[in-house]
Amino acid sequence: MSFFECRNLKYSYGKKEVLGGVTFSAEAGELVGIIGANGSGKTTLMKSICSLIKGDGRVMLCGEN
């Protein structure tokens, strides 16, 4: 079990798909960077991880959904 896990996270604004199945995990103490071009979905990914918006998929912290 990973400390943090993001599985198949998807999000769309209307018909525009912003996140198309993002999957990654991180262990305790590990640093993770999110890079990409303008409009690639970095902010949407962070909002989904922080539960500010509801995407399809699963975000887990310490095994809890």
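Visitor: Let's jump in at threonine 44: is it buried or exposed?
Guide: Threonine 44 is buried, with a relative accessible area of 7%. Here buried stands for under 20% relative accessible area, exposed for over 50%, and partly exposed for what lies in between, with a 1.4 Å probe and protein chains only. Please keep in mind that this is a predicted model, where local features need pLDDT of at least 70, side-chain atom pairs count only at pLDDT 80 or more, and totals for chains, interfaces and linings use all residues. Residues are numbered from 1 along each chain as its sequence is written, and side-chain values use heavy atoms, with hydrogens and water left out.

Visitor: Thanks. Where is threonine 44 placed?
Guide: Threonine 44 is in helix H1, and that helix covers residues 42–49. Helices (H or I, at least four residues) and strands (E, at least two) are DSSP runs, numbered from the N terminus.

Visitor: And what is threonine 44 in contact with?
Guide: Leaving aside neighbours within four places in sequence, threonine 44 is in contact with Tyr11, Tyr13, Val18, Leu19 and Ile53. Contact means heavy atoms within 4.5 Å.

Visitor: How about isoleucine 49, which residues does it touch?
Guide: Isoleucine 49 is also found in helix H1 and touches Phe4, Phe24 and Val59, with residues up to four places away in sequence not counted. Its relative accessible area is 22%, so isoleucine 49 is partly exposed. The C-alpha atoms of isoleucine 49 and valine 18 are separated by 14 Å, at 31 residues apart along the chain.

Visitor: You mentioned Phe4 and Phe24. How many aromatic pairs does the structure hold?
Guide: The structure holds two aromatic pairs. One of them joins phenylalanine 4 and phenylalanine 24, a tilted pair at 5.6 Å centre to centre with 45° between the planes. Rings of Phe, Tyr and Trp (its six-membered ring) pair if their centres lie within 6.5 Å; planes under 30 degrees apart are stacked, over 60 edge-to-face, and the rest tilted.

Visitor: Which strands do those two phenylalanines lie in?
Guide: Phenylalanine 4 lies in strand E1 (residues 4–13) and phenylalanine 24 in strand E2 (residues 16–26), so the pair ties together parts that are 20 residues apart in sequence. Phenylalanine 4 counts as buried at 14% relative accessibility, whereas phenylalanine 24 counts as partly exposed at 22%.

Visitor: And why is the pair of tyrosine 11 and tyrosine 13 edge-to-face?
Guide: Because the planes of tyrosine 11 and tyrosine 13 are at 75°, with the ring centres 4.9 Å apart. Tyrosine 11 is buried at 18% relative accessible area, while tyrosine 13 is partly exposed at 42%.

Visitor: Switching to charges: what does a search of the whole structure find for salt bridges?
Guide: The search of the whole structure finds one salt bridge. Arginine 7 forms it with glutamate 5, and the closest N and O atoms are 2.8 Å apart. A salt bridge is a side-chain nitrogen of Lys or Arg within 4 Å of a carboxyl oxygen of Asp or Glu. Arginine 7 is partly exposed at 36% relative accessible area, and glutamate 5 is partly exposed at 21%.

Visitor: What else does glutamate 5 touch?
Guide: Glutamate 5 sits in strand E1 and touches Phe24, Ser25, Arg58, Val59 and Met60, leaving out residues up to four places away in sequence. Glutamate 5 and leucine 61 are 56 residues apart in sequence and 6.5 Å apart in space, C-alpha to C-alpha.
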